[in-house]
Amino acid sequence: MEACFLRWLLFVALTSWTLGDDGQVTFESELSSKPAQKLSKYGWYASVRLQRFHIPEQTAIAHWLFSVKKGHSFNCGQHNVSIHLRWGAPPVINPTETVFPNATLWDPSLSLILPVTSQSYTTFNLSDPAPGDWFVAAHLPEDDGRIEQKGFPSCSYYFQPQLSVRRAADTPVLQPGTVLTQTAAPDRPARLKLFVPEFTSSLSVSVAGCSSGEASESADCSLLLRLGSASLQHSQTELNCSGVNCSVSLSNPPWDSWLRVVVESSQVNQTVTFRIGSNYTVGCKPKSVGLTADDDITKLLDKSVSNATATGTGSASAPPPLPASACVWSVPVLYEELDLLSLRYTPVNGSNVSVTETHPTLLTYPLPPQATGGTLNLQLTLNSTNATLGNNSIVACFSAWAPVLQLNHSELCRTGLFMGYAIGINVSVPKAVVRLPFPQSTTWYLTLQLLCNSSDCSNASVVSVVPEVSVSACVDDCGPYGECRLLRSYTYLYSACVCSAGWKGWGCTDGSTAQSYARQLTATMLLTLSNLFFLPAIVVATRRSYITEAFVYLFTMFFSTFYHACDQPGAAVLCIMDYDALQYCDFLGSICSIWVTILCMARLGDAAKYTLFLLGALLIAMSMQLDRKGLWNLLGPILCAILLMVTSWVYRCVRRRHCYPPSWRRWVFFLLPGALCALIGVCLYVFAETESNYYYTHSLWHILVAGCVVFLLPPEEKDRKALGWSRGFSWSWRWSWRPRVWVQLEEFKTPDEI
């Protein structure tokens, strides 16, 4: 019913759009939906539910429908769901307002807040959206730090996004040097597209012969001319045309791409006819560069590596002279894919790049779509041999879609539709770094040029610079207090940092809540040494001839100690084996300890007891492998053991015609304190543990569990010989073994336990 309602809403939206179809263009509608996903409170980027949508070329309008539904009937209060939208790459978000790493630049994405009741909807419309991949991220407010045990009822919310688009299937193409006659109305704008070839320095679109059909109004058409697509982070170029003729010019338009042209009329109930044309200028076109048929790529690679090892020791050599018609030094770049989200770009002729004052130096870096989930890194280093640079400086512009070929103090690092990243280095600041998390998939351009403070650069005519461009999974590998994790949303891979020891932020560099070394050491000592409280349980079990149970407690104490020593964040860590193996043995030993203790309290016969010991251990080991943190993996063995114990006790009560255990001292001084310790420990484990108090609440859980074993473990049976056992274990560490004595059933009598 809910899915039908959502589709009905989108159908209504599509129908309303169809009413305004333009007769010059045929429109088609497409609908895409993603399955509902359970939302999480924001702790780090893995808490975000990321979805990817594709918007086709020439889409007139995109309509998103976001729905959030509660997955239960609990009263959890009202929560706000944060929804982030970005074009080209996943949104970079900062809900906790942490500090980003140095030199890390990012553009804020569109954010929506959706208050959640039982079921909530919100919509978002975008006209003329940029084609390509769009990413939607959703999450709940910041995590409060409470540790929720898996399997217990909790508040759950499910998020489902849907997208419907209306695209123009036969958009007219505006060829350079040709003129088209178009019409526009207030509800039917004229839509065209034009192709911008590579090396285009400027683009102009002109409107002429505007007429509305009324003689009195033919001199004022009131047209709105728009170039480009809406991408939320970047605006379109707009021009209000109030006369018969008008034109708009765009410097440094995006290379090798289709550009959208939309002309709207603001005259009410009138159709405007006009002529439209376009032209572009190639102001700076480099000569043919790159590899030829005779080049050997292995030799070029070896040359690049050898030059990279000599960085800082070589001298800047002047590049070959440019032809008179050339205006830019174009340096070919070698592209290497090293691993998942790991790319490296190296200049073919070596890592040192010559930069001059007369012409800019251009390097091109194509970024594939699979690299948008990582971090694009740029580092510019001034060669140490440039002692003649003086007070002059080298400026650089790192831009996407198109390069900026005019670098000076007055020009901004900006193309026609997108803002670039300006960088500068000199003798006092010989190195500059820029990090761009989740970069867009396009061609990136790096332009370098020498700027002189005086009219003459004197001896600094050629300067050597080392540009290092690469793609890494995380920013600076998350530093010493974080770990870089590879995440997946269906077929899309991306990465994020998970921080430890109280550090937080995109690169785990925000130390406002960082734990001191003393705090880390205290947490490690408490969580490990608290397991020594199992020693009294081991001693009591050994004194009472429960040797098997004693070894189970020893196993639990050992692996719980070293698991928590390995599980700690920060510097106070000790791992004697693989972390997953330690965790498995800790969980297995903990549940087996509870299992054998309760079965021991049941006072079963040796054959039945040890058979259940082995059977339970095998089943627990299997369930731990399936889901070691599941609720029923803990409750299942406990409930089964309690059921067996209660059945055995009831049987003894009926047979003896009095309560079992018969002694009130056993109830008051042992069973009730043990049950109270177990109850308090379970309550702490389930309801009280948080990220901040974990080290002492979980330590208290260790103490209470070990203490309840001491209280609940039954006393030694009076007649072990009748059951086929000797005294078993002496404190002089000598085993006393006696062959099993078989007796007739009529001679067997159950001893009275205390």
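This is a predicted model: local features need pLDDT of at least 70, side-chain atom pairs count only at pLDDT 80 or more; totals for chains, interfaces and linings use all residues.
**The chain as a whole**

The protein chain has 10 helices and 33 strands. Of its 754 residues, 47% are buried. Its accessible surface is about 36,800 Å². Carbon and sulfur atoms account for 58% of that surface.

**A four-stranded sheet**

Four strands make up an open sheet, in the order β11-β18-β13-β16. The pairing is antiparallel. At the edges sit β11 (179–184) and β16 (246–251), each pairing on one side only. Neighbouring strands of this sheet are turned by 25 degrees against each other on average, with direction ignored. In general, strands of a sheet pair through backbone hydrogen bonds.

One pairing can be followed down to residues. Strand β13 covers residues 202–211 and pairs with β16 in the antiparallel sense over six bridges. Valine 207 stands opposite cysteine 246 in β16.

**Disulfides**

How many disulfides are there? The count comes to five. Three of them are set out here.

| Pair | Sulfur–sulfur distance | S-S torsion and hand |
|---|---|---|
| Cysteine 397 and cysteine 413 | 1.9 Å | about 85 degrees, right-handed |
| Cysteine 478 and cysteine 497 | 1.9 Å | about -90 degrees, left-handed |
| Cysteine 499 and cysteine 508 | 2.0 Å | about -90 degrees, left-handed |

Take the pair of cysteine 397 and cysteine 413, with sulfur atoms 1.9 Å apart. Its S-S torsion is about 85 degrees, so the disulfide is right-handed. Cysteine 397 lies in strand β25 (residues 393–400), while cysteine 413 lies in the loop between β25 and β26 (421–425), so the pair ties together parts 16 residues apart in sequence. Both ends are covered. Cysteine 397 is buried, at 0% relative accessible area. Cysteine 413 is buried too, at 10%.

Next comes the pair of cysteine 478 and cysteine 497, again with sulfur atoms 1.9 Å apart. Cysteine 478 is in the loop between β29 (462–472) and β30 (482–489), and cysteine 497 is in strand β31 (residues 492–499), so this pair ties together parts 19 residues apart in sequence. Cysteine 478 and cysteine 497 are buried.

In the pair of cysteine 499 and cysteine 508, the sulfur atoms are 2.0 Å apart.

Cysteine 600 is buried, with a relative accessible area of 3%. Cysteine 683 is partly exposed at 34%.

**Backbone exceptions**

Most residues other than glycine have a negative phi, and most peptide bonds are trans.

Phenylalanine 438 is not a glycine, yet its phi is positive, at about 50 degrees. This residue lies in the loop between β27 (431–437) and β28 (443–451). At 1% relative accessibility, phenylalanine 438 counts as buried.

Arginine 657 also has a positive phi, about 65 degrees, and is not a glycine. Its place is the loop between α8 and α9. Arginine 657 is exposed, with a relative accessible area of 77%.

Proline 661 is in the loop between α8 (631–656) and α9 (664–688). The peptide bond from tyrosine 660 to proline 661 is cis, with omega near -5 degrees.

Glutamine 583 lies in helix α6 (residues 579–601). At 9% relative accessibility, glutamine 583 counts as buried. Which side chains does it reach? The side chain of glutamine 583 makes a polar contact of 3.4 Å with the side chain of tyrosine 563. A second polar contact, at 3.0 Å, joins the side chains of glutamine 583 and arginine 628. Outside four places in sequence, glutamine 583 is in contact with Tyr563, Arg628 and Lys629.

Serine 342 is in strand β21 (residues 342–347). Leaving out residues up to four places away in sequence, serine 342 touches Glu336, Glu337 and Val471. The C-alpha atoms of serine 342 and cysteine 474 are separated by 9.7 Å, although the two residues are 132 residues apart along the chain.

Technical notes:
Residues are numbered from 1 along each chain as its sequence is written. Side-chain values use heavy atoms; hydrogens and water are left out. Two strands pair if DSSP finds at least two bridges between them. Helices (H or I, at least four residues) and strands (E, at least two) are DSSP runs, numbered from the N terminus. Axes are lines fitted to C-alpha atoms, for helices over the stretch in contact, and angles run from 0 to 180 degrees between N-to-C directions. Contact means heavy atoms within 4.5 Å. Buried means under 20% relative accessible area, exposed over 50%, partly exposed in between (1.4 Å probe, protein chains only). Accessible areas come from the Shrake-Rupley method with a 1.4 Å probe; for residues, only the protein chains shown count as cover. A polar contact is a pair of N or O atoms within 3.5 Å; within protein, one must be able to donate a hydrogen and the other to accept it, and residues adjacent in sequence count only if both atoms are side-chain atoms. A disulfide is a pair of cysteine sulfur atoms within 2.5 Å.
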